[in-house]
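I keep these notes while reading through a structure that is new to me. Each entry records one thing I looked up.

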Number of protein chains: 2
Amino acid sequence: MQPHDFFLIILIVLFSARLFGEIFRKLSLPPVLGELLAGLILGPSFLGFVELSDVLKLLAEIGIILLLFEVGLETDLKRLMKAGWLSIIVAISGFVLPFIFGTVVSYYFFGFDIVVSMFIGGTITATSIGITVRVLQDLNKRDSLEGEIVVGAAVLDDILGVILLALLYEFSNAGEVSLTNASKVFIFIIGFFLVAPVAAKVIAYLIKKYHDTNKIPGLLPTSVFMLVLFFAWLAHKVGAPEIIGGFAAGLALSRRFFLPFGMALANDVKFSQKLEDEIKPLVYVFTPFFFVAVGLSMNLKEIAWDEPYIWLLFGTIFILAVIGKIIGAMFIPLEIKKRLIVGVSMVPRGEVGLIFAEMGRVTNILDNVTYAALVLVIIATTILPPFVIKYLYKDD
Amino acid sequence: MQPHDFFLIILIVLFSARLFGEIFRKLSLPPVLGELLAGLILGPSFLGFVELSDVLKLLAEIGIILLLFEVGLETDLKRLMKAGWLSIIVAISGFVLPFIFGTVVSYYFFGFDIVVSMFIGGTITATSIGITVRVLQDLNKRDSLEGEIVVGAAVLDDILGVILLALLYEFSNAGEVSLTNASKVFIFIIGFFLVAPVAAKVIAYLIKKYHDTNKIPGLLPTSVFMLVLFFAWLAHKVGAPEIIGGFAAGLALSRRFFLPFGMALANDVKFSQKLEDEIKPLVYVFTPFFFVAVGLSMNLKEIAWDEPYIWLLFGTIFILAVIGKIIGAMFIPLEIKKRLIVGVSMVPRGEVGLIFAEMGRVTNILDNVTYAALVLVIIATTILPPFVIKYLYKDD
């Protein structure tokens, strides 16, 4: 495939993402759903016009990593720490409950064997941080306390989800689980999260220092772009989701991040602003690829719509996926509406859920009907919450 | 290949481009040569570490198109028009002379048949506008009269080169040339250049209008990115080089571009500035891929260095390639040093030359030795002029 053929695909993806985003905005709907719809329409579900090629996957992955970098960049670490315990509560209960609900009901009610049941449970554990953040951003609620709690919880969720996936993968292959391996992954991730922000901060300091004396233009955007990709790659290497690397890099470069041991890395507000200004165009250009790619990766045609069993399975898992997250948010000491907002914000399942379902299908653990029902659950959890969140915020 | 594998390649490419660029700058050498060297080192010539994959080709192509967009954006159309006749003289004579010299010497002196001779002549016709512009930019001479002449001439050169390639391709296939086809391509390109800037200006006006009222962030960088890709794709469709599309889009959006018939598209300096600020990070991130890719696409190992014939062929063609361009610049009424600067600036052959040589090799028109000699000519014409230009400017 020649570059100019890709140009047309890139154009179609970006243009339809923008078009549907703007139409949704006009209709007072979340623009991010417009971008997902653009993917559904272009993809195998409807037109079958655009294929989710390696190039699009790469652009999508860069997009979500840059978005998470920006999320990190705009995260107020002090507030995240204040939200810390609340996030941890929401993350753990919102992870454990759907997993247990999903596994138990699949095993006892639907009669799946234990590995299949755990895959179903696993699919509905992890919140799609990308979609959740976009919805909150679209509503200008990213900076609220609820927003901080949700972002923190979604990040933890992703980490827990990936550890679970590693465990299940081993379990389905070897028939047993090595806790050594799982704890190794866990320790790596914790270590990454302790070391990464400090390392990123030091690198950022060097960039800044060199930036002031350097004459070749473009040092700032290229080196920050490199830094983000490097941390994403590093996160993958230690077994964590790549987006976590982007988030950690963003957190370290955020203007409100101070190193605890008070090193002379005083924050330069002007520099931080310049950094944000120069990286944002990249974020804006790459991010739509991710949401369109999520739409492209779903195939609504694969779903046997006339099979009642599929609807029963879908309905049951969907309800478990929703109430698991909402109950999870009920443990935090906020007014009830805020708890509901946090709970509903945690409902969207996206990339990690799709990775679970996809791996289950590829390894023949999930049959086609179960796979379809799970994809349907992911679609429904992704599409409905933005409306509910918007409704819950309507009096603000 | 998974996205995270690409991350590493992207990182290596960007980092080594920057590293060698900075080292060359420190040594008072043109940074762009550092980026080329990074490509040579990473590619099959030395380490064989990075392969010029479809993804890298795409990123490189986007990079050169964005660079040409920026060149267009910074072009002062009034001055380009003033330079116009001079550019046309330099372009035509700098195109015709190397082609005639190369063809005649290959045919009579080296005894190649006529198609091979014309391919050799064709390979040395077109100036690498990308490399030339980067060298002038690095020396802060992009805005000089010489700079304008060279940019205008290089753009025309590329167009002529592509028309010649289309003709030669037909000639080598059919054994005869249809002038109808060639003139069709020519008319398309002229039409594109008349229509494209106006169309781009109107689109830019719509973007600007919508930008002021729109609430979804990122409209400006995404739509300008789309506009540039669209014009590149369109240029390709009418048979012109894609980079010409990027250049036309940039020209239309430049703050000094006024529509001749005085439509109410008054230029908004603040908006132009914002546009430049938001598009530059994209230019900086993508452009290094192009120069590294040029290095990656060359394989110095393919050259049979111990074959005297190759050196004779290389030396002869190289001299013809240099003097053809320099004589071409002697027809313009400037002081002799400026003529020399213009001539030497036109010497670098890059992408179009490589496309000629590559097509000649793939179609078996060029044997391996001739191909190697031509690649060597392209390398030498690319590497030497920056030093000479720098030397010529040393008293300024």
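This is a predicted model: local features need pLDDT of at least 70, side-chain atom pairs count only at pLDDT 80 or more; totals for chains, interfaces and linings use all residues.

Entry 1, a serine in a loop. I began with A:S53 and counted its surroundings: there are 15 C-beta neighbours inside 10 Å, so I put it down as partly exposed. Buried would have needed 20 or more, and exposed 12 or fewer. I then looked up where A:S53 sits, and found it in the loop between α2 (31-42) and α3 of chain A. I also checked its distance to A:A293, which is 240 residues away along the chain; the two C-alpha atoms are separated by 9.6 Å.

For chain A I read a mean pLDDT of 82, with 90% of the residues at 70 or more. I marked residues 260-266 of chain A, where the pLDDT is below 50. Beyond near neighbours in sequence, that stretch has three contacts in the model. For the complex, the predictor gives an ipTM of 0.80 and a pTM of 0.82.

Does the length of helix α3 (residues 54-73) of chain B agree with its number of residues, or disagree? At 1.5 Å a residue, its 20 residues should span 28 Å, and I found the end C-alpha atoms 28 Å apart, which agrees. I also looked at burial: 18 of the 20 residues of α3(B) are buried, so the rest of the structure largely encloses this helix.

I superposed chain A on chain B with a rotation of 180° and 0.0 Å of shift along the axis, at an RMSD of 0.0 Å. The copies are therefore related as by a two-fold rotation axis. The same surface serves both, since 100% of the contact residues of chain A recur in chain B.

I found 39 residues of chain A in contact with 39 residues of chain B. On the side of chain A, the elements giving two or more residues are α1 (3-26), α3 (54-73), α9 (219-237) and α11 (269-297). The largest share, 13 residues, comes from α1(A). I sorted the residues of this side into 26 nonpolar, eight charged and five polar.

Leaving aside neighbours within four places in sequence, I listed the contacts of A:V228 as A:I65, A:L66, A:F69, A:G246 and A:A249.

How values were computed: Residues are numbered from 1 along each chain as its sequence is written. Chains are lettered from A and ligands numbered from 1 in the order in which they are written. Helices (H or I, at least four residues) and strands (E, at least two) are DSSP runs, numbered from the N terminus. The expected span of a helix is 1.5 Å times one less than its number of residues. Copies are superposed by least squares on the C-alpha atoms of residues with pLDDT of at least 70 in both. Two residues are in contact if their C-beta atoms, placed from the backbone, lie within 7 Å. Ala, Val, Leu, Ile, Met, Phe, Trp, Tyr, Cys and Pro count as nonpolar, Asp, Glu, Lys and Arg as charged, and the others, Gly among them, as polar. pLDDT is the predictor's confidence in each residue, from 0 to 100.
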